[in-house]
Amino acid sequence: MRKPILLKDFLDYKFLSGLQYSPDGSQAVYAVSSCDLAANGYRHHLYLWDGKNHTRLTGSGDEKLFLWEDDRTILFASLREREDRDAVQKGEERTVFYRLPLSGGEACRAFSVPLTVTGIQQISRGRYVLQVRYDLNFSGLYLLNGHEKADRLQKKQEEKDYDVLDELPFYGNGKGCTNKIRTSLFLYESDTETLTPVSGPLVEVRDAKLNEDHSLLYYIGEDFQTRRISRQGIWAFQIDTGESRQLMEAGDFCLFSLQPWGDSLLVLGTDEKQYGSHENPWYYLLEDGKLSLLASYEDSFSSTVGSDCRLGGGKTSCLDGDTYYFITTRINSSHVYSLTRDGVISPVLEYPGSVDFMDISSGTILYGGMQDGRLQELYTFDLSSKERKRISSFNEWVTETKDVRPLEPCNFYREGTELFGWVIPPRDYQKGKQYPAILDIHGGPKTVYGEVFFHEMQVWANMGYFVFFMNPTGSDGRGNDFADVKGKYGTVDYDDLMAFTSTVLERYPDIDPGRLGVTGGSYGGFMTNWIIGHTDRFRAAASQRSIANWISMAHTSDIGSRFVKDQMAGYTWTDAERMWEHSPLKYAPNVKTPTLFIHSDEDFRCPLSEGLQMYSALVENGVEAKMCIFKGENHELSRNGRPKQRIRRLEEITDWMEKHLK
């Protein structure tokens, strides 16, 4: 008999990321991450797939950033020596790269860069393009020597006690204070240890790629002094001469990604004029400083299929020959599609679940994803034979030994539109017996639930709950129009969720309508706050990393001014009444539902103040409420928070439901 899935089982899951084929396409390297409960963190190791077997390459536990130097050599970043770790601990910036020959032998120190490197591309042996987290105040320490450097380092240590703000946004979720910090590009030559700035000092780089012969580096960036508005320009950097040219000035377009394509430059972007900041990008060619439309596309770029069982990502697009391949979310799954030079977009790999990252070589797509109800594994897909094959079994033990509860489709129609949802029946389900149930609401709102493994849902189903979830209006995967809920938050989406709840209760009469719980995070937290202010049909609620007040959200969130102005179709000084009308806090006096609030003190996406407002309002109105604040965590607590904090979060929610629903 299969064992139940337990709350702490995620500690043994494996999380895959960073997949890259070797230059000749005969093998691939990727990262495998796992929880380290004793250290309350994660360990990351590099693995090699040689076409038949998977072999671990590294053992220190901090290896995620790497590249192929040639078909038999890996270059990866790691802080293995005490001297390097001590220097970083004292405030110096340092990224050390090691060279590992796959023919055998130990990894040897290759070079050290006096900056915080977050990405690396190889131009030629010993020459690299570095993506760097650059602090305009202190990252230039590497240019100083002696007492001058020591004094500046001491100043940096002293400044840790202060944040001085003179730009917007001033912090970023998971990044801390970002004032005068940029994602910058540098050219690095290891033989001479020479660092050459590529991007301007105030340019925030969004994407950068070398052309085919590595003579040019193209990059997207936004040059701003005090306020970032997400309107980017495009530059070309000549590798040999160091000349930089701006090919397109920032203007009407929000640019997502670029890809050198022969003599052309493919650019993904949108003018956001029809659907705002949630508008999906179209595909353009850049010629003579102007974007000409190659292909319009109504669905999203990359995967937005949610799960709490991922850690890290990888490539979402690849150029193979003269065809551009990309991951896209359609309906409830993420797939691989292709774009050809004549502007034709076609499906390549469509399968239920998610394609999380990919690479392609010699007619074979290699990808990591969540399919067939499994946790993440690696797969191959042959473009000629259309054969899909699973090639790893890191999480096979879950499928083989655990009671992974099935997802039963529960689609329905509302006002002529089919809406997609699922129900997970409880372990040891017996017809005629009454069970509690939990409605789980996804974030975004422009993401989707799909047929993938979701740990918290499986835990609850294994504890005797029905779990049900859906993709209401505003979700991704069904084009721009369906995802557009500007100025509609708490209206059509709320009606969809309530109609879904009624449908589930009708189709599953063994659910006790008097023992319903509701939970969700981010947008799902907003909707949980909204629901408890508009209906008493739920006996318990758990609101996570939520939004309570659009006016405060607009001026405290790292995306506040742009996101709120766009999604509320108005702003504080001209539309405060409308923003308040759509704020759950306004309806707090109506709440009777016992509610748990989960929030992190470093959540800069939906700041702690949002949860505090809603919590205090309920207590003031005599409603049973509890708030659990996670110190040192951010908006990603449920997905990549520290293991002990992830355990406590799920325990708090589960205990709350147990108390009120059982």
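Q: What share of the contacts in the chain with a separation of 6 or more comes from residues 24 or more positions apart?
A: This is a predicted model. In the chain, 57% of the contacts with a separation of 6 or more are between residues 24 or more positions apart. A contact here means heavy atoms within 4.5 Å.

Q: What share of the residues of the chain count as buried, and by what cut-off?
A: Buried means under 20% relative accessible area. Of the 662 residues, 60% count as buried. The chain exposes about 26700 Å², and carbon and sulfur atoms supply 46% of that area.

Q: Why is helix 7 called largely enclosed by the rest of the structure?
A: Helix 7 covers residues 523-532, and ten of its ten residues are buried, so the helix is largely enclosed by the rest of the structure. Among the buried residues are Tyr 523, Phe 526, Met 527, Trp 530, Ile 531 and Ile 532. Gly 524, Gly 525, Thr 528 and Asn 529 are also buried.

Q: Why does Ser 638 count as buried?
A: The relative accessibility of Ser 638 is 9%, and the cut-off for buried is under 20%; Ser 638 therefore counts as buried. Ser 638 is in helix 12, residues 637-640. Leaving out residues up to four places away in sequence, Ser 638 touches Asp 308, Arg 545, Arg 646 and Arg 649.

Q: What makes a space a cavity, and which residues line the largest cavity?
A: In a cavity a 1.4 Å probe fits but cannot get out. The count comes to three cavities of 30 Å³ or more, and the largest cavity holds about 70 Å³ of space. Its lining consists of Phe 10, Asp 308, His 455, Glu 456, Ser 638, Arg 646, Arg 649 and Leu 650. By class, two of these residues are nonpolar, two are polar and four are charged.

Q: Which helix gives the most to the lining of the largest cavity?
A: Helix 13 gives the most, with three residues. Helix 4 (455-462) and helix 13 (643-661) each supply at least two residues of this lining.

Q: How do you know that Gln 645 counts as buried?
A: Gln 645 has 18% relative accessibility, and buried means under 20%; the value is under the cut-off, so Gln 645 counts as buried. Gln 645 lies in helix 13. Apart from residues up to four places away in sequence, Gln 645 touches Asn 40, Phe 630, Glu 633 and Leu 637.

Q: Why are Asp 372 and Ala 569 called partly exposed?
A: Partly exposed is the class between under 20% (buried) and over 50% (exposed). Asp 372, at 44% relative accessibility, counts as partly exposed. Ala 569 has a relative accessible area of 38% and is therefore partly exposed as well.

Q: What is the phi of Asp 372, and what is that of Ala 569?
A: Asp 372 is not a glycine, but has a positive phi of about 60°. This residue is found in the loop between strand 28 (364-370) and strand 29 (377-382). Ala 569, also not a glycine, has a positive phi of about 55°, and is placed in the loop between helix 9 (560-567) and helix 10 (572-581).

Key:
Residues are numbered from 1 along each chain as its sequence is written. This is a predicted model: local features need pLDDT of at least 70, side-chain atom pairs count only at pLDDT 80 or more; totals for chains, interfaces and linings use all residues. Side-chain values use heavy atoms; hydrogens and water are left out. Buried means under 20% relative accessible area, exposed over 50%, partly exposed in between (1.4 Å probe, protein chains only). Accessible areas come from the Shrake-Rupley method with a 1.4 Å probe; for residues, only the protein chains shown count as cover. Helices (H or I, at least four residues) and strands (E, at least two) are DSSP runs, numbered from the N terminus. On a 1 Å grid over the protein atoms alone, a cavity is a set of points where a 1.4 Å probe fits but cannot get out, and a pocket is an open set with protein on both sides within 12 Å along at least five of seven lines; lining residues have an atom within 4 Å of a point. Grid points are joined across faces, edges and corners, and a volume is the space filled by probe spheres set on the points. Ala, Val, Leu, Ile, Met, Phe, Trp, Tyr, Cys and Pro count as nonpolar, Asp, Glu, Lys and Arg as charged, and the others, Gly among them, as polar.
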